[in-house]
Amino acid sequence: MPWILTPTVKESRNSAIFVSIQLRTSATHRASRQSHEMQSCLRAVEGRDWYTSKNALWGALRMNQPAVVVHYHELWLKGGNRRFFVSKLANALRLGLEGIPVEKIERPNDRLVVRLKAGASLEETLRRLERISGIAYYAIARPVEADLGVLCDAAWAEVEPLAFDTFAVRAKRSDKSFAHRSSEIETIVGRHVLDRLRDAGRNARVKLNDPDVTCRIEITSGPALVYARKIPGPGGLPANTAGKMMCLLSGGFDSAVAAYQMMKRGAHLSFAHFYGTGAQPGESSLHVARGLVRQLVPWQFSAKLYRIPFESIQREIVRYAPESCRVLLYRRMMLRIAEVLARRDHAVAFVTGDSLGQVASQTLRNMVAVEAAAKLPVFRPLAGTDKLEIIALARKIGTHDISAEPFHDCCPVFMPRSPALHATPAELDAAESKLDLPQLVRQGIAGTALESYRYVAGRVESTEVPLHRPKEKQDAAIA
Ligand code: ATP
Ligand code: MG
């Protein structure tokens, strides 16, 4: 019984991919496991610019221990940064794939090759790669003997299931002991593929410049690699290459997406969440903040979450400041308290989920007036992003459903009936004149609790950590 599964892959008009698998004979355990794995793999790459899924992916699952070839963008290789960024990406692959049997990660020329060991799940590997920033695209490669006949067969096996009009074969020979030069390999294998296409009655032709499909052959010191299917990666820069930032994380959609945007560019974030005690006993926004950090931490492998009780501070603001400025003063107090925590973590800037004009507190003037209370710069990666775009990103990164959970948000508490729309820094300074700001910051820090998160072997672990509050440092930061 060579094949007991018949995958039928249909593409709908909006190019979503549907797979139905028919069991031709009684299903064995192995068969149903394979079918499950294929469906999961397709789900993993669903919605991407993946011109070749279909039978090609099925082929990948039949291969013996495929290797994954990871390509990164040339852009960040400018200047002398190459070694730093490539080693950070290799390290991210090592951490991100922890727990999956990997034989080794090689760095030939301008790409990385992950050689999987027996028992490695391709589905899990693809799922993990989705959250390793710095990958421009990757491919599942066929490891084969470095022999011209074998390379020809492997190239045909890669190319045959794909639909295309033009193709090219590109070879790289990092193992110079292989008898044939790259150009020879390209000509011989290209000829073979063209002949097989003709035999199959297909009309495709060779096009060296910008072909629909490129079949790549890499002659390395291990088995040679052959692949033709490019899967877009998450893009961005490798994790933890850009410095540290403090993210003001609410439970809403925006700040989690803003955090993702900065992590994707290599920033390492700590999170500060301000919470009220909740309308009902025990109810608050903490579970949502925790869920968001859990979802975000795989992009940077570790994170701290500072939990700051805020209601008593809000009550002071309500009592001693003009009603119209309340929300703006809440935000200024959040920045002041988070700044102490940011300095503790050597973070050099804030990230918030503000979006220009989204609500009254986010008019241009109000954002400038709020920011004036912070000594560190405030980055707002969503400033120019529409809510619908933010929601779409939240869905993509898996934070949407967590943010959509009901929770008790501290900010709408004591909401002003008519909020200030165009405050100036001087007006807000005056509005705060009756508040003892250093004392409120001290109060915030005194109530702060800390959780530490780590992403290990595909799972997120968290622990409660005692927060050391070295007094002199704190006072210096508050002043
Ligand atoms: P939403 O999707 O509901 O707009 P949001 O996170 O953007 O959620 P806003 O009220 O728009 O909430 O707040 C603007 C920004 O202020 C947030 O993106 C976040 O950076 C910060 N912020 C607001 N509330 C909190 C909070 N409770 N703790 C920490 N940061 C907060
Ligand atoms: Mg918002």
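I start with helix 11, residues 364-371, whose buried residues are Asn 366, Met 367, Ala 369 and Val 370. Looking down the helix axis, these buried residues fall within an arc of 165°, so they line one face of helix 11. The arc is that of the directions from the helix axis to the C-beta atoms. Buried here means 20 or more other C-beta atoms within 10 Å of the residue's own; exposed means 12 or fewer, partly exposed is in between, and C-beta atoms are placed from the backbone. Helices (H or I, at least four residues) and strands (E, at least two) are DSSP runs, numbered from the N terminus. The buried residues of helix 11 pack against helix 10, 326-344, and helix 14, 425-431. Contact means that the C-beta atoms of two residues, placed from the backbone, lie within 7 Å.

This is a predicted model, in which local features need pLDDT of at least 70, side-chain atom pairs count only at pLDDT 80 or more, and totals for chains, interfaces and linings use all residues. Residues are numbered from 1 along each chain as its sequence is written, and chains are lettered from A and ligands numbered from 1 in the order in which they are written.

Now the overall figures. The protein chain has 16 helices and 18 strands, and 40% of its 479 residues are buried. Of the contacts between residues at least 6 apart in sequence, 76% join residues at least 24 apart.

Next, the core. A nonpolar core is a set of buried Ala, Val, Leu, Ile, Met, Phe, Trp, Tyr and Cys residues joined through C-beta atoms within 7 Å. The largest one has 115 residues, and those touching the most other members are Ala 155, Ile 217, Val 226, Ala 259, Leu 269 and Ala 338. Helix 10 gives the largest share of this core, twelve residues. Domain 1 (48-235) and domain 2 (243-478) both contribute residues, so the core lies between them. The domain bounds come from an automatic or database domain assignment. Leaving out residues up to four places away in sequence, Leu 269 touches Met 245, Cys 247, Ala 259, Met 262, Met 263, Gln 300, Ala 303 and Val 351.

Where does helix 10 lie? Helix 10 lies across strand 12 (243-248), strand 13 (267-275), strand 14 (302-309) and strand 15, and runs at about 150° to strand 12. For that angle, axes are lines fitted to C-alpha atoms, for helices over the stretch in contact, and angles run from 0 to 180 degrees between N-to-C directions.

Those strands belong to an open sheet of seven, in the order 16-15-12-13-14-17-18, with mixed pairing. Two strands count as paired if DSSP finds at least two bridges between them. Strand 16 (378-379) and strand 18 (459-465) are the edge strands, each pairing on one side only. Strand 14 and strand 17 are antiparallel over six bridges, with Ala 303 opposite Tyr 453. Strand 17 and strand 18 are antiparallel over seven bridges, with Leu 450 opposite Val 465.

Strand 17 and strand 18 also form a hairpin with two residues between them, and Ala 457 in the turn has a positive phi of about 50°. Ala 457 is exposed, as it has 10 other C-beta atoms within 10 Å. His 346, in the loop between helix 10 and strand 15, also has a positive phi, near 60°. With 9 C-beta neighbours inside 10 Å, His 346 counts as exposed. For background, most residues other than glycine have a negative phi.

On to strand 10, residues 224-227. Ala 224 and Val 226 point one way, Leu 225 and Tyr 227 the other way, and all are buried. Strand 6, residues 135-144, runs antiparallel to strand 10 and is joined to it by three bridges; Val 144 stands opposite Ala 224. Strand 9, residues 213-219, is likewise antiparallel to strand 10 over three bridges, and Arg 216 has Tyr 227 as its bridge partner. A hairpin through four residues joins strand 9 to strand 10.

Last, Gln 65, in the loop between helix 2 (53-62) and strand 3 (67-71). Is Gln 65 buried or partly exposed? Gln 65 is partly exposed, with 15 other C-beta atoms within 10 Å. Beyond its neighbours within four places in sequence, Gln 65 contacts Leu 116, Lys 117, Ala 118, Ala 120 and Pro 143. Gln 65 and Ala 141 are 76 residues apart in sequence and 9.3 Å apart in space, C-alpha to C-alpha.
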